Amino acid sequence: MKTTTIKGYNLKVNVNNFTISYDDIGEGGIPIIFLHGYPFDKTMWHGQIDFLKTSHRAIACDIRGFGKSKDEESTLSIDLFGDDLMQFMDQLNIDKAIICGLSMGGYLALNVMKRFPSHFEALILCDTQCIADTTEGKEKRYKTIEEIEAEGVTNFNEGFIKKVFHKDSIKNKTKLVEQLRNVVFTNSKNIITKGFAALAEHSETCSSLSKISIPTLIICGREDQVTPLAQSEFMNKNIKGSILHIIDNAGHVSNLEQPKEFNKYLGDFLTDLSGFDVLNN
């Protein structure tokens with residue numbers, strides 16, 4: 001049975017044999033669905049939801065296993081996340097959406113674009129990439145998982161936090177860094193390792209970029225160490241008509257580090273879509 005439209009934060013809906021937690025704020029024709037990175041949660045998009053809430057319908061959901069979308073049992077994968085997302089949209093009576101994903105959320109966005117392209121009106125890719133892990137990269141991830149299993153999550157989590165932020169943010173935005181650190185440490189060791197394995201096993205989507213025909217915005221922090229700028233430039237080159245914006249003084253979480261600049265690019269993109277009646281259907 002499909003849900004009626006309820007607005008607010010930390011809403012819940014049952015899909016695909018588990019419960020998704022999500023925020024659904026504002027009104028509009030075509031909703032914008034925000035997908036967080038690993039190992040974060042939907043709260044990383046609060047700055048974007050606040051920015052859009054008076055003019056658009058903005059939805060942010062916790063991906064299976066993360067945040068309040070608890071699932072300690074399933075084997076996590078990007079394909080599974082994609083199945084969840086499509087059932088989530090169906091439960092909320094959303095036939096078409098604009099999808100915005102950062103990092104792992106971008107992997108998910110590209111996954112569903114490849115598998116279910118007719119359900120999306122526009123695409124926003126933030127600090128992400130289309131490549132799969134190399135054999136060496138995959139082996140490195142699984143070695144890290146072994147280390148987490150043996151030693152716990154603290155060293156991994158602290159190292160990851162330092163890696164995702166620009167050096168100036170580490171020094172000058174201590175409150176922001178601590179907020180994200182708290183989110184990361186909320187995850188169980190089980191979810192940290194299962195999520196990392198899902199990243200290791202995700203499939204490439206580079207070969208499908210040329211088939212993307214909807215408006216596409218790509219945003220990347222210039223100092224992104226996790227998914228380097230070259231990967232965004234590659235996607236920009238291979239997605240016809242896509243727009244690339246590079247944010248200075250930002251690393252892997254550009255929407256958190258430079259929210260005003262990020263929101264300007266987001267708002268301009270959505271305004272341009274409105275001119276094409278995408279948001280008013």
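Where does Asn249 lie? Asn249 is in the loop between β8 (243–247) and α10. The legends below start with this residue and describe a predicted model.

**View 1. Asn249 has a positive phi.** The phi of Asn249 is near 55°, a positive value in a residue other than glycine. Most residues other than glycine have a negative phi, and most peptide bonds are trans. Asn249 is partly exposed, its relative accessible area being 42%. The loop that holds Asn249 runs between β8 and α10.

**View 2. Asn10 has a positive phi within a strand.** Asn10 belongs to strand β1 (residues 8–15). Its phi is near 55°, positive although the residue is not glycine. With a relative accessible area of 41%, Asn10 is partly exposed. Among the residues in contact with Tyr22 is Asn10.

**View 3. A cis peptide bond joins Tyr38 and Pro39.** Omega of this bond is about -10°. Pro39 is located in the loop between β3 (32–35) and α1 (46–52). Tyr38, the other partner in the bond, is one of the residues with the most contacts inside the largest nonpolar core.

**View 4. The largest nonpolar core has 89 residues.** Those with the most contacts inside this core are Tyr22, Phe34, Tyr38, Phe40, Trp45, Phe88 and Leu123. Helix α3 (residues 104–115) supplies the largest share of the core, 7 residues. In soluble globular proteins, nonpolar side chains tend to be buried together.

**View 5. Contacts of Tyr22.** Neighbours within four places in sequence are left aside here. Tyr22 is then in contact with Gly8, Tyr9, Asn10, Leu11, Lys12 and Val13, among others. Its contacts also include Lys42, Ile59, Ala60, Cys61, Phe88 and Leu92. Of these, Phe88 is listed, with Tyr22 itself, among the residues with the most contacts inside the largest nonpolar core.

**View 6. Helix α5 has a buried side.** Phe156, Asn157, Phe160, Ile161 and Val164 of α5 are buried. They are on the same side of α5 because they cover an arc of only 130° around the axis. Asn155 and Lys162, on the other side of α5, are exposed. The cover over the buried residues of α5 includes α4, α6 (167–172), α7 (174–186), α8 and α10 (254–257).

**View 7. The largest pocket has a volume of about 690 Å³.** It is lined by 26 residues, and those closest to its centre are Lys140, Arg141, Lys163, Phe196 and Val226. Helices α3, α4 (135–151), α5 (154–164) and α8 (189–201) each give at least two residues to the lining. The most comes from α4, with 5 residues. By class, the lining of this pocket has 11 nonpolar, 10 polar and 5 charged residues.

**View 8. The second largest pocket holds about 190 Å³ of space.** Its lining has 13 residues, with Ile78, Asp79, Asn111, His202 and Ser203 nearest its centre. The elements giving two or more residues to this lining are α2 (78–91), α3 and α8. The largest share, 4 residues, is from α3. Divided by class, the lining of the second largest pocket has 3 nonpolar, 5 polar and 5 charged residues.

Key:
Residues are numbered from 1 along each chain as its sequence is written. This is a predicted model: local features need pLDDT of at least 70, side-chain atom pairs count only at pLDDT 80 or more; totals for chains, interfaces and linings use all residues. Side-chain values use heavy atoms; hydrogens and water are left out. A nonpolar core is a set of buried Ala, Val, Leu, Ile, Met, Phe, Trp, Tyr and Cys residues joined through side-chain atoms within 4.5 Å. Buried means under 20% relative accessible area, exposed over 50%, partly exposed in between (1.4 Å probe, protein chains only). Contact means heavy atoms within 4.5 Å. On a 1 Å grid over the protein atoms alone, a cavity is a set of points where a 1.4 Å probe fits but cannot get out, and a pocket is an open set with protein on both sides within 12 Å along at least five of seven lines; lining residues have an atom within 4 Å of a point. Grid points are joined across faces, edges and corners, and a volume is the space filled by probe spheres set on the points. Ala, Val, Leu, Ile, Met, Phe, Trp, Tyr, Cys and Pro count as nonpolar, Asp, Glu, Lys and Arg as charged, and the others, Gly among them, as polar. The arc is that of the directions from the helix axis to the C-beta atoms.
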